[in-house]
Amino acid sequence: MKNTESLMTKNLFGYPEHSIAYELLSRFEYPWEALPHISEIITELGSTLSPDEYRLMGENIWVAKDASVAPTAFINGPCIICRGAEIRHCAYIRGNAIVGSNAVVGNSVELKNCILFDCVQVPHFNYVGDSILGYKSHMGAGAITSNVKSDKSLVTVKFNDQKIESGLKKFGAILGDYVEIGCNSVLNPGTVIGSGSNVYPLSSVRGYVPQKSIFKSREEIIIKN
């Protein structure tokens, strides 16, 4: 692969202090390489969590004592819900999920095999699967990650004129820090969005969107001043 530094873990996520998983995630050159290992990351982290701050709510389910979890939410392990997080009515966490500090998982949102950095918001009818969402990234109502190709072939990342093989059948999206996704957008398998970028509502996104840009359509991506 040539000139792919923009896709590297160290360049998509710039805040080591803003995810409980950052140190373990940084072992991987590209963030999607961590997706098959999220379960292991959670169990490794879980064993280090203080019982003064976290309750063990089930097998490999750690929930911060000051997190807010609606009684109608469903949480399957392994899972870590970090301090100050809010899990709202009818949220469905299928397992292999880290919800960062002060993050919001909203009404009827489904999470599966994903890492949400601190202060991430997925507040309304979102699906996030086989994905990593960076610090303070936000998905508008109805925005989803599509994590499996229709022909079930392995996912590639389209980066400029390259197609980078991920080796994964299930791979949704990687969002850098401070990414804003508009309502009812679909992030197709293998989407990577650089930090500080915005995606217009009702967009269908595939491949790489550069940092600090505005995605209006595949034909119209504007770099911010």
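Buried means under 20% relative accessible area, exposed means over 50%, and partly exposed lies in between, with a 1.4 Å probe and protein chains only as cover. The model is predicted: local features need pLDDT of at least 70, side-chain atom pairs count only at pLDDT 80 or more, and totals for chains, interfaces and linings use all residues. Residues are numbered from 1 along each chain as its sequence is written, and side-chain values use heavy atoms, with hydrogens and water left out.

**Exercise 1.** Classify Arg-27 as buried or exposed, then describe its salt bridge with Glu-44.

Solution.
- Step 1. Arg-27 counts as exposed because its relative accessibility is 59%.
- Step 2. A salt bridge is a side-chain nitrogen of Lys or Arg within 4 Å of a carboxyl oxygen of Asp or Glu. Arg-27 and Glu-44 form such a pair, and their closest N and O atoms are 3.3 Å apart.
- Step 3. This pair links distant parts of the chain, 17 residues apart: Glu-44 sits in helix α3 (residues 38–46), and Arg-27 in the loop between α2 (22–25) and α3. Helices (H or I, at least four residues) and strands (E, at least two) are DSSP runs, numbered from the N terminus.
- Step 4. Glu-44 has a relative accessible area of 38%, so Glu-44 is partly exposed.

**Exercise 2.** State how many salt bridges the structure holds, and describe the one between Asp-130 and Lys-112.

Solution.
- Step 1. There are seven salt bridges in the structure.
- Step 2. In the bridge between Asp-130 and Lys-112, the N to O distance is 2.6 Å.
- Step 3. Asp-130 belongs to strand β12 (residues 127–133) and Lys-112 to strand β10 (residues 110–116); the two are 18 residues apart, and the pair links distant parts of the chain.
- Step 4. Both Asp-130 and Lys-112 are buried.

**Exercise 3.** Find where Gly-182 lies and which residues are in contact with Gly-182, leaving aside its neighbours within four places in sequence.

Solution.
- Step 1. The loop between β18 (180–181) and β19 (186–187) holds Gly-182.
- Step 2. Gly-182 counts as buried because its relative accessibility is 11%.
- Step 3. Contact means heavy atoms within 4.5 Å. With neighbours within four places in sequence left aside, the contacts of Gly-182 are Gly-140, Ala-143, Val-199, Tyr-200 and Pro-201.
- Step 4. Gly-140 is 42 residues from Gly-182 in sequence, and their C-alpha atoms are 5.0 Å apart in space.

**Exercise 4.** Describe the backbone at Asn-60, at Asn-184 and at the peptide bond from Gly-77 to Pro-78.

Solution.
- Step 1. Most residues other than glycine have a negative phi, and most peptide bonds are trans.
- Step 2. Asn-60 is not a glycine, yet has a positive phi of about 55°. Asn-60 is in the loop between β1 (54–58) and β2 (61–64) and is partly exposed, because its relative accessible area is 27%.
- Step 3. Asn-184, also not a glycine, has a positive phi of about 60°. Its place is in the loop between β18 and β19, and its relative accessible area of 47% makes Asn-184 partly exposed.
- Step 4. The peptide bond from Gly-77 to Pro-78 is cis, with omega near -5°. Pro-78 lies in the loop between β4 (74–75) and β5 (79–81).
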